[in-house]
Amino acid sequence: MNEPVYKVSYVVEDIKHPGAIMNSDRKIEVGDHVEFDGRHFVVTEVEELMPPVGGFGFLHVICRTAESFAHKE
């Protein structure tokens, strides 16, 4: 059985940023590092909006810039 493709909505919580909606071939998890718009982010929360159906899953992800995450620790 093939793994689902995930449609992921990203919300950036620490800067003014429009976020993104992207596809992923794996399920995103807390602590993952992602990149979009030329910036690096760290995932802080993941919510599965609905279980995978028909080869697609839907995730809502909250992330912070990698720089601010490093300063937070």
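User: How many strands form the open sheet, and in what order?

Analyst: Strands of a sheet pair through backbone hydrogen bonds, either parallel or antiparallel. In this predicted model, local features need pLDDT of at least 70, side-chain atom pairs count only at pLDDT 80 or more, and totals for chains, interfaces and linings use all residues. Residues are numbered from 1 along each chain as its sequence is written, and side-chain values use heavy atoms, with hydrogens and water left out. Here 5 strands form an open sheet in the order S2-S1-S5-S4-S3, with mixed pairing. Strands (E, at least two residues) are DSSP runs numbered from the N terminus, and two of them pair if DSSP finds at least two bridges between them. The edge strands, each pairing on one side only, are S2 (20-24) and S3 (33-36).

User: In which direction do S3 and strand S4 run, and how many bridges join them?

Analyst: S3 and S4 (residues 39-53) run antiparallel and are joined by 4 bridges. Phe 36 stands opposite Arg 39 in S4.

User: Where is Asp 37 found, and is Asp 37 buried or exposed?

Analyst: Asp 37 is found in the loop between S3 and S4. Buried means under 20% relative accessible area, exposed over 50%, and partly exposed in between, with a 1.4 Å probe and protein chains only. Asp 37 counts as exposed because its relative accessibility is 58%. Phi of Asp 37 is near 55°, a positive value in a residue other than glycine.

User: Is Ser 24 buried or exposed, and what does its side chain reach?

Analyst: Ser 24, in strand S2, is buried because its relative accessible area is 10%. The side chain of Ser 24 reaches the backbone oxygen of Arg 26 at 2.8 Å.

User: Which residues make the nonpolar surface patch?

Analyst: Patches are made of residues with over 30% relative accessible area and no salt bridge; like charges are joined within 9 Å, and nonpolar side chains (Val, Leu, Ile, Met, Phe, Trp, Tyr) within 5 Å. A salt bridge is a side-chain nitrogen of Lys or Arg within 4 Å of a carboxyl oxygen of Asp or Glu. Areas come from the Shrake-Rupley method with a 1.4 Å probe; for residues, only the protein chains shown count as cover. The patch, about 500 Å², is made by Val 5, Leu 49, Met 50, Val 53, Phe 56 and Phe 58. S4 gives the largest share, 3 residues, and S4 and strand S5 (56-65) each supply at least two.

Methods: A polar contact is a pair of N or O atoms within 3.5 Å; within protein, one must be able to donate a hydrogen and the other to accept it, and residues adjacent in sequence count only if both atoms are side-chain atoms.
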